[in-house]
Amino acid sequence: MRDHSKIIYSTMTVLLAMSPLFLNKYWVDVLNNVGLYAILGLSLNIIVGHAGLFNLGHAAFYAVGAYTAAIFNTRFNIPVLWLLPLCALSAGLFAAIVMRPIIHLRGDYLCIVTIGLGEIVRIALINDIFGITQGANGIFGIDRPSIFGISIRRPHEFFYLIWGFVAVSVFFFHRLENSRFGRALNYLREDEVAAEGSGINVAHYKLACFVIGAAWAGMVGDIFASKMTIISPESFSFWESVLLFTLILLGGSASIPGVILGAFLIVGLPEVFRGIANARMLIFGGAMIAMMIFRTEGILPSRPRRYVLPDESSGESRA
Amino acid sequence: MEEFFQQLTNGLAVGAIYALIALGYTMVYGVLKLINFAHGELFTIGSYLGLTLLTSLGLSDVFGPVLAILLLAAMVMGLVAVVGALLERTAYRPLRESPRLSAVVSALGASIFFQNAVMLIYGARLRVYPLGILPRTAVNLFGIYLPLVKLLILFASVAIMTALYLYIHKTRIGTAIRAAAIDQGAARLMGIDVDRVILIVFLIGPALGGAAGLMVGLLYGQINFTMGWVYGLKAFTAAILGGIGNIPGAMVGGILLGVIEAMGAAYISIAWKDAIAFVVLILILIVRPTGLLGERVAEKV
């Protein structure tokens with residue numbers, strides 16, 4: 001069973017890595033968008049999937065990262081890839097500051113507050129807050145990234161940058177979900193009171209997962225800004241947050257393969273239905289309902305954690 | 001001071017509309033613990049259906065303006081209620097036993113579905129309500145200019161909300177709704193047909209949303225297919241502000257949000273109008289984490 005899925009995943013990886021060789025520019029660019037959504041999805045997954053917190057305002061953190069990159073790049077000419085840590089820092093810090101007073105809110109109350117946060121950030125960007133975001137038109141003229149003096153411009157080149165980042169993210173979040181931190185998040189998702197009773201500082205862990213998710217989304221913002229070279233507040237609307245939230249639950253929450261599959265569905269399905277132009281979003285909405293009815297847990301749900309007990313050499317047991 | 005009262009009445013009219021939509025959110029949430037994200041779209045459907053009936057039937061020629069509007073409202077509410085019941089049947093009932101988040105995604109899917117269905121049927125462009133359905137007279141109350149439309153909206157929504165309050169608190173079915181909201185399992189054991197209660201909630205909520213849709217059409221004269229998103233979000237904010245699941249809370253939250261928005265737009269900045277509502281919401285939730293009228297639920301272990 002396990003080897004079976006390993007073969008599938010490695011075949012998929014090899015196929016994906018070679019895909020720019022036989023796909024045209026348009027489809028490579030579609031894959032690039034899939035990659036960006038996959039990383040954003042992974043960063044949100046730690047909040048929604050693992051900690052079970054409703055976050056419908058992830059675009060706000062993404063926006064903070066993207067605007068940090070755009071402002072520092074256009075004003076101080078710092079190369080965009082060097083700005084990655086700064087984007088992570090600013091988005092993470094922003095999350096830490098704004099989420100701190102409201103982290104204790106439960107379920108749907110947290111949900112509306114994150115929606116509100118996303119809207120406040122978007123409106124602040126439109127209103128040119130601090131005079132640095134240049135209003136509704138956004139910031140343009142952001143540099144392309146360059147690695148060792150080679151400038152990355154074409155979709156084929158971006159493909160390897162973005163999917164390389166996806167690989168790093170998968171590694172990072174895989175390690176994170178199997179760590180003490182990841183287990184603590186799962187515990188508080190399943191039963192907050194019991195987790196608190198077992199000595200897990202619930203508020204601290206909730207805040208930490210928001211900060212990590214936000215920081216990671218901030219770095220995606222940097223890549224996004226340099227890929228588009230122009231960013232405007234409309235790229236970070238409530239709709240983006242909804243898409244990210246949806247892709248996690250369609251693919252399978254708290255499951256890395258699920259989230260990546262979700263990214264393919266969310267970006268891919270509307271592309272596939274492009275032939276029927278106007279009705280494509282209608283079908284997309286219908287498909288969302290149908291998928292939830294037929295695969296309630298998402299397409300590739302996460303499996304329960306398994307532990308091999310030390311004294312039982314042959315048997316596996318559920319913890 | 002005149003300016004202040006003018007803004008206050010504007011805020012009250014919009015707030016009454018928010019309150020009507022918020023009631024739909026809060027009632028569904030009370031019974032199913034589900035945020036019905038498609039509710040904003042039911043509101044849009046109400047306002048488009050109102051437009052269709054208004055232009056095709058020509059009621060006001062036969063019955064005179066006020067009676068025609070009442071008839072129109074009854075028809076719109078009935079039709080949207082049917083759409084709401086169908087929505088519950090197809091998108092939510094199969095997910096009754098599944099994790100809460102799956103139902104939320106189904107609701108988001110339904111919202112996208114409805115929004116695009118309206119776009120395909122009526123087109124993506126702004127639609128305009130015919131002028132002169134209601135006489136454009138205004139009442140002058142101590143120097144405050146009150147258009148008839150706003151007065152009508154205020155009266156109608158107060159009437160609807162009072163009726164709803166009495167229905168929920170004085171009738172058998174209302175009692176059943178309250179019981180199912182407190183504990184569905186126990187309600188079932190007491191012989192309450194919970195499926196019927198849910199159906200009733202999905203008839204009342206969308207009907208109120210549809211009425212609100214018609215009101216927006218009459219008040220602003222123009223509608224578009226994405227407006228459900230904005231009004232839905234505001235109304236959901238109002239429901240949370242009052243304490244979700246709490247019916248008087250939704251009414252208070254809606255009115256309060258409308259007034260705050262109008263005042264914020266007038267005295268602080270119109271460009272920040274939408275942000276002000278959310279800032280107030282966050283501030284209130286920091287102080288009262290379960291909304292203004294939401295009761296504190298002690299966690300039982």
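How much accessible surface does chain B come to, and what share of it belongs to carbon and sulfur atoms? I looked that up before anything else. The accessible surface of chain B is about 13100 Å², with 68% belonging to carbon and sulfur atoms. Such areas are worked out by the Shrake-Rupley method with a 1.4 Å probe, and for residues only the protein chains shown count as cover.

**Ground rules**

I'm working with a predicted model, where local features need pLDDT of at least 70 and side-chain atom pairs count only at pLDDT 80 or more, while totals for chains, interfaces and linings use all residues. Residues are numbered from 1 along each chain as its sequence is written, chains are lettered from A and ligands numbered from 1 in the order in which they are written, and side-chain values use heavy atoms, with hydrogens and water left out.

**Chain B, overall**

I went through the secondary structure of chain B and noted 12 helices and 4 strands. Here helices (H or I, at least four residues) and strands (E, at least two) are DSSP runs, numbered from the N terminus. Chain B has a radius of gyration of 19 Å, close to the 19 Å that the globule rule gives for 301 residues, so it is as compact as a globular protein of that length. That radius is taken over C-alpha atoms, and the rule is 2.2 Å times the number of residues to the power 0.38.

I also noted the box that the C-alpha atoms of chain B fill: roughly 60 × 45 × 40 Å along the principal axes. Of its 301 residues, 55% count as buried. Buried is under 20% relative accessible area, exposed is over 50%, and partly exposed is in between (1.4 Å probe, protein chains only).

Next I checked contacts, meaning heavy atoms within 4.5 Å. Among those in chain B between residues at least 6 apart in sequence, 75% join residues at least 24 apart. For charges, the mean positions of the 19 positive and 13 negative ones in chain B are 3 Å apart. Lys and Arg count as positive and Asp and Glu as negative, with His and the chain ends not counted; the place of a charge is NZ of Lys, CZ of Arg, CG of Asp or CD of Glu.

One residue of chain B got its own entry. Lys33(B) sits in the loop between helix 1 (2-32) and helix 2 (39-57). It has a positive phi of about 55 degrees although it is not a glycine, and at 37% relative accessibility it counts as partly exposed.

**Chain A, overall**

Chain A exposes about 14400 Å², with carbon and sulfur atoms supplying 64%. The mean positions of its 23 positive and 20 negative charges are 4 Å apart.

**Helix 5 of chain A**

Is helix 5 of chain A largely enclosed or left open by the rest of the structure? I found 18 of its 20 residues buried, so it is largely enclosed. Helix 5 (residues 107-126) reaches 29 Å from its first C-alpha to its last, close to the 28 Å expected at 1.5 Å a residue; that expected span is 1.5 Å times one less than the number of residues. Just after this helix, Asp128(A) takes a positive phi of about 55 degrees.

**Lys227(A) and Leu36(A)**

Lys227(A) is in helix 9 (residues 202-228) and is buried, with a relative accessible area of 10%. Leaving aside neighbours within four places in sequence, I saw that Lys227(A) is in contact with residues including Asp29(A), Leu36(A) and Arg144(A).

I followed that to Leu36(A), in helix 2 (residues 25-50), which counts as buried at 4% relative accessibility. Not counting residues up to four places away, Leu36(A) touches Ile162(A), Val220(A), Ile223(A), Phe224(A) and Lys227(A).

Thr229(A) is in the loop between helix 9 and strand 4. It has a positive phi of about 60 degrees although it is not a glycine, and I logged it as partly exposed at 22%.
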